[in-house]
Amino acid sequence: MDNDVSAGSAGSTAILGRLALGLTLLAFGAGATGVIDNVGATDAAALATWVGGVTLFVVGLLEFRAGDGASGTAYAGLGAFWFTWGTGVGSEVSAEAAGLFLLLWALLALTLTAASSGTGVLGQGVYGLLCLSLLLGGAAAFAGNEALAKAGGWVGAVAGLLAWYGATAALAKWPTFTGRAAGRGVTATG
């Protein structure tokens, strides 16, 4: 791509990123809760791989190209997480390895939470809830505790709803709770 050609506005790619993250978290969270009969978290693997993994990674690269290192880091990092998780579903790993995987990625979510300070409830809330969801999932894997896994799924689903709302609010000009008009100054987190 020619360097003089825009890779798309940071706002439009961030909205796509928030939608991809929201849908992936909703699918994973709903599956982990067991709220829908015969649907588990592993059923979200294809969505996690392509929407959560590939789409978020590409959005991250576009954000880097547009000069937004924070959003680029968030989306590329989350894309790597979801691609790795989605392609690893069904692999034989120990509970400890699965727990360690989730806890290590919780560190990325913690970094994103800290980095999104001042972006408002939606931005910091999505990453904070994602971090909590991964911590609960990791603890559940180590302890073999289904109730913790379900709680992590519910927290992940709420994070997905927040991400979805943030993207929809930016497109529909709804309130974003950041103190600025919806659809203006859109970032990966707000």
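At 2% relative accessibility, Ala 74 counts as buried. This residue of the predicted model lies in helix 3. When neighbours within four places in sequence are left aside, Ala 74 is in contact with Leu 112 and Tyr 127. The C-alpha atoms of Ala 74 and Leu 56 are separated by 8.8 Å, with the two residues 18 apart along the chain.

The protein chain contains six helices and zero strands, and its elements follow the order α-α-α-α-α-α from the N terminus on. Of the 190 residues in the chain, 45% are buried. Among contacts between residues at least 6 apart in sequence, 68% join residues at least 24 apart.

The largest nonpolar core comprises 28 residues. Within this core, the residues with the most contacts are Leu 21, Leu 56, Leu 78, Trp 82, Tyr 127 and Leu 134. At least two core residues come from each of helix 1 (10-33), helix 2 (45-65), helix 3 (69-88), helix 4, helix 5 and helix 6 (146-172). In soluble globular proteins, nonpolar side chains tend to be buried together. With residues up to four places away in sequence not counted, Leu 78 touches Leu 21, Gly 52, Leu 56, Leu 108, Leu 112, Tyr 127 and Leu 130. Leu 112 and Tyr 127 are also the contacts listed for Ala 74.

Packing was examined next for three helix pairs. Two packed helices are described by the angle between their axes and the distance between the axes. For helix 2 and helix 3, the axes come within 7 Å and cross at roughly 155 degrees. Because angles over 145 degrees count as roughly antiparallel, helix 2 is roughly antiparallel to helix 3. The crossing of this pair is left-handed. By class, the contact of helix 2 with helix 3 has 14 nonpolar, 11 polar and one charged residues.

Val 54 is placed in helix 2 and, at 30% relative accessibility, counts as partly exposed. A C-alpha separation of 8.0 Å is found between Val 54 and Ala 80, which are 26 residues apart along the chain. Thr 84 is placed in helix 3 and is likewise partly exposed, with a relative accessible area of 39%. The C-alpha atoms of Thr 84 and Thr 49 are 7.5 Å from each other, although these residues are 35 apart along the chain.

Helix 4 (residues 95-115) and helix 5 (residues 121-143) pack at an angle of about 165 degrees, and their axes are 8 Å apart. These two helices are therefore roughly antiparallel to each other. Helix 4 passes helix 5 in a left-handed crossing. Residues in this contact are divided by class into 18 nonpolar, six polar and one charged.

Helix 5 also packs with helix 6, at an angle of about 160 degrees and with the axes 8 Å apart. That angle makes helix 5 roughly antiparallel to helix 6. The crossing of helix 5 past helix 6 is left-handed. On the helix 5 side, the contact is made by Leu 122, Gly 125, Val 126, Leu 129, Leu 130, Leu 132, Ser 133, Leu 136, Ala 139 and Ala 140. The helix 6 side is made up of Leu 148, Ala 149, Ala 151, Gly 152, Val 155, Gly 156, Val 158, Ala 159, Leu 162, Ala 163, Tyr 165 and Gly 166. By class, the contact of helix 5 with helix 6 has 17 nonpolar, five polar and no charged residues. Leu 130, listed in this contact on the helix 5 side, is also one of the residues touched by Leu 78.

Positive phi values were noted for two residues outside the helices. Asn 38, in the loop between helix 1 and helix 2, has phi near 65 degrees, a positive value in a residue other than glycine. At 80% relative accessibility, Asn 38 counts as exposed. Lys 173 is placed in the segment after helix 6, and its phi is near 60 degrees, again a positive value in a residue other than glycine. The relative accessible area of Lys 173 is 57%, and this residue is exposed.

Conventions
Residues are numbered from 1 along each chain as its sequence is written. This is a predicted model: local features need pLDDT of at least 70, side-chain atom pairs count only at pLDDT 80 or more; totals for chains, interfaces and linings use all residues. Side-chain values use heavy atoms; hydrogens and water are left out. Axes are lines fitted to C-alpha atoms, for helices over the stretch in contact, and angles run from 0 to 180 degrees between N-to-C directions. Helices (H or I, at least four residues) and strands (E, at least two) are DSSP runs, numbered from the N terminus. Angles under 35 degrees count as roughly parallel, over 145 as roughly antiparallel, 65 to 115 as roughly perpendicular and the rest as oblique. A crossing is left-handed if the near helix is turned anticlockwise from the far one by less than a right angle, and right-handed if clockwise. Ala, Val, Leu, Ile, Met, Phe, Trp, Tyr, Cys and Pro count as nonpolar, Asp, Glu, Lys and Arg as charged, and the others, Gly among them, as polar. A nonpolar core is a set of buried Ala, Val, Leu, Ile, Met, Phe, Trp, Tyr and Cys residues joined through side-chain atoms within 4.5 Å. Buried means under 20% relative accessible area, exposed over 50%, partly exposed in between (1.4 Å probe, protein chains only). Contact means heavy atoms within 4.5 Å.
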